Amino acid sequence: MKMDCRILWSFLLLMVLAVPLSASAMEMDDCLGCHGDADEVGDELFIDADKFTPTVHAEMGCMTCHESVTDEHPDDGEAVTRADCLDCHEELGGQYMATEHAENAVCSDCHNPHQVHGIEAVSGPEMNQQCSQCHDGIDVMDSHAEWLPQASLHISKLPCITCHTSSESYVIVLNITQKQKKSEGLKGYRFSSYADLKEYSGEKEIQSLIDIDGDNHISLAELRTFNRNPAYKNLHLNGTMVPGEVSHDLTTLDNRYDCTFCHASGPGSMQTSFLSFPTEGGTYQRMSVEDGAMLDTLYGTPNFYMTGSTRSSALNIIGLIIICGGFIMPIGHGTLRFLTRKNRQH
Amino acid sequence: MAEEHEHQIYLQPIPVRIWHWLNAFGIITLTVSGAQIRFPEYVSLLGSYKSAIYLHNAAGIIVSISFSLWFFYYTFVARSMANLYVPKVEDLKSGILRQVKFYFLTYFLGWDNPHHPSPDNKFNPMQKSVYLAIMFVMMPLVNLSGIFLINVDPLRGLIVMIGGLKLLAVLHILLACCLIAFLPTHVYLATLGRTPTDHIKTMWTGWEDEEEGHGEEQQDESKGEKASSGN
């Protein structure tokens, strides 16, 4: 009897918990019924359902931010309230409000709340889209080229926030890229989409291309197997550095001007890495890569070379042997020359 | 002037000397800055990492341009590139062996060098073979790979085509190590003249003392060696 009571209570509890979830889902569908159609509500109030649905904000439901909406909306004529970003993002917002940026742009100028994703779910180039809305690419390149060696390489490979951040730690994020086809009219590599990788993985999940044992974690051996697999010769891993924590204090810490912050062998901050897989919804999902083997991981990535950081100790030894070889003649011959010097005194 | 150089031959023309010393300082600069770029934790001779990179790039470009001028000068102006740097059949058949025998045996017995340099035949067969590898294979490759590494972003497509950035960097470093290894050997061999500074002075002034009576020795050592006719 006691058992039956427990089951009954558990069932009731589940019902109570499930009601708001289903109501939330219903509300979003209701809202998107009108707001998902630009013709009906106009461009300003249009919500792109494809972009909104995969966001964390969508999981919370429309009412979380627009709590004044009633069942009679829009016939009730009531203005719809909006939550303030700082209600939830207090710390980040506080950091941002203290910067000069806050005088020029509010949160929604950079982050569309109906499309925004966390740092884990976006690629490096996508992180830069916010910046490039105001900062002209040529100006950025010119101002960096004044003092930064290989400015174009740094700017093309790193998100702006890698340096313009107060985050002390970094992680390495590897993206899968692929050779562009002739039909695409461009040479070089572009980020592979979910559909691109599905062509390689077939029935299986795209993660299985690298995570062979399906344990949701990539070992060094798996990474090497992927890099060496001739079937994936058109796929390359593209590594970049991303701040370990998201910060909105966009100043640059002094140590970032010291090249050896990154360009030295094995900085502690480069030990954590992830592989970023594209998702069906157009975002990215990170999978952890074997810890403490970051530099080894990068050695396994043919097109990733960071001067000073990814140096191979095997190559150092080979180089040293070659250089030492250059001293055999002076030392060996020189000794014999000294010992036989009398023979040449004529 | 004529009397001053009566017993001397003009072995190293000005363009060659300028090129040589430019190369020497350039390669030393590249070695030191390259070491700092690869081992910033241990080498900081040139100050900041950034200055090491700028200096390495500048020295690399100067050495590359100087290499191109050297190539142009010997091929099109002096027109002696093939004659000086490409070993002849004779050199390969007996010349190298004779020179090896001299350096590693008869030199210690006090015999004279079987090769007598002339403006048309500056290098002994061993030198020719080594310089052929250095000047026609290693230098162009190290210069080219360096130019690629300076322009990684604009040349990304080409770099991927030749096997990736990592392969390029490894090639650059290994070639650089080979060239660095050549330096002590080169400097040491330069002291094997009649006096230890003889050859070094020649590379500074252009003039080398003519060796006396080498004609007879040469007949004993190498019948028919072309070098004798030039002296």
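This is a predicted model: local features need pLDDT of at least 70, side-chain atom pairs count only at pLDDT 80 or more; totals for chains, interfaces and linings use all residues.

Two strands pair if DSSP finds at least two bridges between them.

Stop 1: Select residues 170–179 of chain A, which form strand S1. S1(A) is mostly covered, with seven of its 10 residues buried. Next, show strand S5 of chain A, residues 273–278, which pairs with S1(A) in the parallel sense over four bridges. Then select residues 189–191 of chain A, strand S2, joined to S1(A) by three bridges in an antiparallel arrangement. Here Gln178(A) stands opposite Arg190(A) of S2(A).

**Stop 2: the contact between chains.** Show chains A and B together. How many residues does each chain bring to the contact? Chain A brings 34 and chain B brings 32. On the side of chain A that touches chain B, helices H12 (151–157), H16 (313–325) and H17 (328–339) each supply at least two residues. That side of chain A has 13 nonpolar, 18 polar and three charged residues.

**Stop 3: one helix pair.** Keep H17(A) and select helix H7 of chain B, residues 165–190; their axes come within 7 Å and cross at roughly 35 degrees. Show side chains for Met329(A), Pro330(A), His333(A) and Gly334(A) on H17(A), which meet Pro184(B), Thr185(B) and Tyr188(B) on H7(B). Four of these contact residues are nonpolar, three are polar and none is charged.

Key:
Residues are numbered from 1 along each chain as its sequence is written. Chains are lettered from A and ligands numbered from 1 in the order in which they are written. Two residues are in contact if their C-beta atoms, placed from the backbone, lie within 7 Å. Ala, Val, Leu, Ile, Met, Phe, Trp, Tyr, Cys and Pro count as nonpolar, Asp, Glu, Lys and Arg as charged, and the others, Gly among them, as polar. Axes are lines fitted to C-alpha atoms, for helices over the stretch in contact, and angles run from 0 to 180 degrees between N-to-C directions. A residue is buried if 20 or more other C-beta atoms lie within 10 Å of its own, exposed if 12 or fewer, and partly exposed in between; C-beta atoms are placed from the backbone.
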